[in-house]
Structures are given as C-alpha cells and as structure tokens.
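Subject: Handing over a structure, with notes

Dear colleague,

I am passing on the structure that I have been working through, together with some notes that you can read alongside it. Please open it first and keep it in view while you read.

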Amino acid sequence: MKKTVSLFLAALLLVGCFAAVGAFAADESYVTNGLVAFYDAGQQKAGDTTWTDLAGDNDISDVPNAAGQNEFKDGVYLNTATQVNFPQGIVDLIKGQEFTTEMQLGATEVTGDKWGTYLNATTDAYSLFYRLQDDAVEFKNGSNARPTESAIGGKDALSDSTVTVVFKVGEPSKIYINGELAAEAASAATSVLDVADFFFGHEDSTKSHTTEYIKLRFYDRALTADEVAQNYAADQAEVVFGGGSDNTSDDASGEAPASSEAPASSSTPSTGDAGIAAFAVLALLALAGAVVVKKAR
C-alpha cells in the first residue's frame, strides 16, 4: 500500500513539474500577433549568405560573408561596418501607418566618429542610432518628433541588449531598451516615413560600428509595453537556457516561430525548458525508485 502511495505522489509531483515548465515557456515566448519577419542568427549555419525569415517569406539575400568580418558564427551575425539590405517586404512595412522593430544585440563597438547607426534607410527617414556627442540613443522618424535617451553609459552600452522601436501615426514614437521604456517623443507622429530601402549595419566612417546581431523582429503594428517586455523576457530566456544553434549542424533550420496568423504568442518550450523537464523527470523517477527500494529492504 505504501509503495502505491509513494508512486502516486511521485506521479503528482511529475505532473506539477511539467505544468510549471509549461507555464514558464508560455510566459517567456515571443509575441506572434502581427509578426511579419523573424530573423534568428542562431538558426543559421557558418557560410550562409541568406538569412532566413522564420515567420514569413522575407529572406535576406546576398548577406555578406567574410570570415572574421561579416559572418554567422556562435549564434550571432557579426557585422563589421557593412550595409545589409532588407527585402522589399520589410521596406513596405516601414512605410506603413504603424510598426515595431526589434533587434537583439551581442557585443557592439561604435567605430564611427559621430554616430553608430544600427537600422537605417538611405533617405534617413528611419534611423536608429547612437550619438557620441551626448551619449544618446535616438530614433529619427522623418519630420516627426524623435524619442531620445541620453546618458546611456558610453558608446558600448548597447552591448547585450534588446532595443525596440514602436511607431504609429497619431501616437508618440517610443524606444524601449531591455523591455523598459527608455524614451518617448514629445508629440505624436503625424506622417508615415518616406523610405525607398531599409538596412542594418553602416559602412560610412561617421556612422560605422562592429556589432553582433542576434535576432531581428518586425511587426506590422505597435506593440504594447507588456508585449515588448514579453519579447525581451523571451530573448533573455534563450540566453540563460542556451537556445539557438552552435552553427555546426548540417540542419540549422530549427523550429520557426508561428506566423502572423498564429495566436498572440507561441508556447513552444525552448531548448532550456526541455532540459529542465528532462532533469525533473529523472529526479522524480530516482525519488520514486528510492522509495520502492527502501520499502523492499
């Protein structure tokens, strides 16, 4: 009888553990409502010249690849003062009435003598940049008022960060850094952005930088503050639990995030979540076995 009760209790603990892991995964998942494109360097292989869009059909083609300068390696895309153009679908999104752009960075070093420009259009109607003069991160959005965050801690302060830009005509533009509102424009945007192209990285000596781009996400709507925080938490969960690729596998396609037609968020556990679950299973089975052995003795 005691053996049966012990096994029953172990089973209950196992179910509870799976429930906890599932809840964690749901809390730390990415927002998919309005998701147009999702680029994850961790899902790419060394030598790739196309950065696959995991959420749609906006693959980035002709990605520069030169070892030690511009390359997919160790879960990042290293960009050294090089312009990489997004496809037309992303350009059209930036022209829209509202959008959200997110970039997760690893190490970054500003090498420009005035700015470090991370996301940009040739018209400069969209420009997300760091300014050395006053140690500020700013979002230039056409003739609309700009959100600016000053004194962020030096020109390398954007290292290991997630930077989100939220734009919507009729509302003030916003910059979030690591899931928290860092700056909001003084007045609402009144016009869409006039762009003919859109790219990341910059080759101009006044705007250049060497940066590890980890993920880039694009939404066709303005994310809420809670959604921005949710995406940052998902980025951090992958950092902590080792999500992504080591770029050594022959198959680095991975599992794509849900498309923009999917529910508001994905609840697929990350690699780390699966590891926790496996560890919990082994621990609980060992506990149950120990109880049985003790009883047998």
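How many salt bridges does the structure hold? It holds 9, where a salt bridge is a side-chain nitrogen of Lys or Arg within 4 Å of a carboxyl oxygen of Asp or Glu.

Before the details, two notes on the source. This is a predicted model, in which local features need pLDDT of at least 70 and side-chain atom pairs count only at pLDDT 80 or more, while totals for chains, interfaces and linings use all residues. Residues are numbered from 1 along each chain as its sequence is written, and side-chain values use heavy atoms, with hydrogens and water left out.

Confidence

The chain has a mean pLDDT (the predictor's confidence in each residue, from 0 to 100) of 81, and 71% of its residues reach 70 or more. Over residues 2-27 the pLDDT stays under 50, and the model has 26 contacts for this stretch beyond four places in sequence, a contact meaning heavy atoms within 4.5 Å. Residues 243-297 also have pLDDT below 50, and in the model this stretch has 85 contacts beyond near neighbours in sequence. Where pLDDT is low, the predicted coordinates should not be read in detail.

Salt bridges

Among the salt bridges is the one in which the side chains of Lys215 and Glu238 meet, at 3.2 Å from N to O. Lys215 belongs to strand 14 (residues 209-219) and Glu238 to helix 3 (residues 225-241), so this pair ties together parts that are 23 residues apart in sequence; helices (H or I, at least four residues) and strands (E, at least two) are DSSP runs, numbered from the N terminus. Both Lys215 and Glu238 are buried, where buried means under 20% relative accessible area, exposed over 50%, and partly exposed in between, with a 1.4 Å probe and protein chains only.

Another salt bridge joins the side chains of Arg217 and Asp235, at 3.0 Å from N to O, and this pair links distant parts of the chain, with Arg217 in strand 14 and Asp235 in helix 3, 18 residues apart. Arg217 counts as buried, at 1% relative accessibility, and Asp235 is buried with a relative accessible area of 0%. The side chains of Glu227 and Arg221 also meet in a salt bridge, at 2.6 Å from N to O; here Glu227 is buried at 15% relative accessibility, and Arg221 is buried at 16%. Elsewhere, a network of salt bridges links Arg131, Asp134, Glu138 and Arg146.

Nonpolar cores

A nonpolar core is a set of buried Ala, Val, Leu, Ile, Met, Phe, Trp, Tyr and Cys residues joined through side-chain atoms within 4.5 Å. The largest one has 43 residues, and those with the most contacts inside it are Trp51, Phe86, Tyr126, Phe198, Phe200 and Leu216. Leaving aside residues up to four places away in sequence, Phe86 touches several residues, including Tyr39, Ile60, Val91, Leu119 and Phe218. A second, separate core of 13 residues includes Val31, Phe38, Leu54 and Val166.

Two loop residues

Asp62, in the loop between strand 1 (35-40) and strand 2 (71-73), has a phi near 55°, a positive value in a residue other than glycine. Asp135 likewise has a positive phi near 55°, and this residue lies in the loop between strand 7 (126-131) and strand 8 (136-141).

With best wishes
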